[in-house]
Amino acid sequence: MTEPLVLGVESSCDETGIGLVRGTTLLANAVASSVDLHARFGGVVPEVASRAHLEAMVPTVQRACSDAGVTLQDVDAVAVTAGPGLAGALLVGVAAAKTLALGLGVPLYGVNHLGAHVAVDVLDHGPLPQPMMALLVSGGHTNLLHVPDITSDIRSLGETIDDAAGEAFDKVARVLGLPYPGGPHIDRVASGGDPTAIRFPRGLTARKDMERHRYDFSFSGLKSSVVRWVQARERAGEPVPVADVAASFQEAVVDVLTAKAVLACTEHGVMDLQLGGGVAANGRLRELLEERCAKAGIRLRVPRRDLCTDNGAMVAALGALLIAAGHEPSPLDIPADSSQPVGQIRPLVRVAS
Ligand code: KG4
Ligand code: ZN
């Protein structure tokens with residue numbers, strides 16, 4: 001018997017993603033991004049994102065089916081990101097997934113967005129090592145996860161206590177006069193700069209912070225420090241060395257991300273680490289992480305770029321793993337939960353009173 005064909009729906013932020021996966025084989029990964037609509041605001045505007053999901057949902061489902069050469073009648077199960085994410089944006093995807101599941105008469109699997117970011121690598125590099133660690137860095141989240149079992153046990157070790165890593169890239173890019181989203185521009189400009197030119201602060205690495213926030217991150221102090229440095233230059237009427245500022249800022253971010261990820265692995269005796277999220281595209285982050293993992297004997301996995309950023313295939317991948325592990329489907333009244341905890345791989349079901 002062939003494995004079930006799973007359709008995955010992702011709408012937690014600014015990407016409308018529909019993926020089609022059979023078992024662990026990727027058949028289609030259609031994504032419509034509303035990033036251009038948010039550019040002039042310098043960040044994702046939730047209401048704009050929700051409306052864009054509404055407009056993109058049906059055409060993206062159609063594109064995924066045509067890319068995979070299947071029809072909706074071939075779909076055996078529907079998986080959807082139920083949280084965490086932007087409330088209105090999530091609602092669009094959850095409503096679409098419920099409608100598809102009900103209309104097609106197939107089971108629905110609500111899943112956790114962060115778990116899906118981890119699960120996606122089965123499509124690129126095969127079965128996930130269990131246990132494993134995952135460092136997820138994007139515009140919306142920065143998480144260090146300990147994953148003994150992707151279908152039943154995901155633990156949050158740490159997360160950002162203020163800005164997400166990608167958000168810090170975007171804000172600093174703005175200060176340096178670079179376009180939104182700023183991450184790729186900082187990455188490019190930094191390659192011509194000196195990462196040791198300015199010693200920017202490494203958030204939550206002081207001894208006291210390492211006691212309370214061992215695996216947590218903080219980037220807002222770093223961002224303010226860059227702003228102050230740039231403004232002091234401008235006040236003095238001196239030119240801002242954009243490449244050096246970009247390289248020094250980037251070094252401060254990736255230094256902390258890589259140091260804490262490697263520490264988490266060695267302290268937990270987990271020697272497999274996966275990197276994910278849009279910031280995983282950063283050249284210096286990959287370089288330093290590879291270097292530090294190699295030194296510590298940690299095997300590093302990085303899914304290919306279009307699977308690292310938000311997409312529907314990752315949701316379908318986690319759905320397929322849940323089905324293969326024999327999990328029950330979700331009821332049709334699962335909520336969209338904007339603050340769904342990491343450890344909750346499946347959404348909590350409202351209990352009728
Ligand atoms: O996962 P993603 O596509 O979507 C959301 O977070 O919604 O991540 C986008 C984030 C943005 O903040 C962007 O600036 C950042 O990833 N990013 C990068 C790079 N490419 C994208 N940050 C640093 N270096 C890059 N090369
Ligand atoms: Zn994400």
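A nitrogen atom of ligand 1 is 3.0 Å from an N or O atom in the side chain of asparagine 282, a polar contact (a pair of N or O atoms within 3.5 Å). The protein buries 91% of the 560 Å² that ligand 1 exposes when taken alone; accessible areas use the Shrake-Rupley method with a 1.4 Å probe. This is a predicted model: local features need pLDDT of at least 70, side-chain atom pairs count only at pLDDT 80 or more, and totals for chains, interfaces and linings use all residues. Residues are numbered from 1 along each chain as its sequence is written, chains are lettered from A and ligands numbered from 1 in written order, and side-chain values use heavy atoms, leaving out hydrogens and water.

**Backbone contacts of ligand 1**
- Glycine 183 has a polar backbone atom 2.9 Å from an oxygen atom of ligand 1.
- Glycine 166 places a backbone N or O atom 3.1 Å from an oxygen atom of ligand 1.

**Shell around ligand 1**
- There are 20 residues around ligand 1, each with a heavy atom within 4 Å.
- Gly139, Asp170, Gly183, Asp187 and Gly278 come nearest.
- By class, the shell has six nonpolar, nine polar and five charged residues; Gly counts as polar here, and Asp, Glu, Lys and Arg as charged.
- Helices are DSSP runs of H or I with at least four residues, and strands are runs of E with at least two.
- The elements giving two or more residues to the shell are α6 (165-175) and α7 (183-190).
- Domain 1 (5-120 + 311-324) and domain 2 (130-303) each supply at least three shell residues.

**Backbone geometry**
- Most residues other than glycine have a negative phi, and most peptide bonds are trans.
- Glycine 83 and proline 84 are joined by a cis peptide bond, with omega about -10°.
- Proline 84 is in the loop between β4 (77-83) and α3 (87-104).
- A cis bond also runs from glutamine 130 to proline 131, with omega near 0°.
- Proline 131 is in the loop between α5 (122-125) and β6 (132-137).
- Leucine 204 has a positive phi, near 55°, and is found in the loop between α7 and α8 (207-212).

Notes. A polar contact is a pair of N or O atoms within 3.5 Å; within protein, one must be able to donate a hydrogen and the other to accept it, and residues adjacent in sequence count only if both atoms are side-chain atoms. Domain bounds come from an automatic or database domain assignment.
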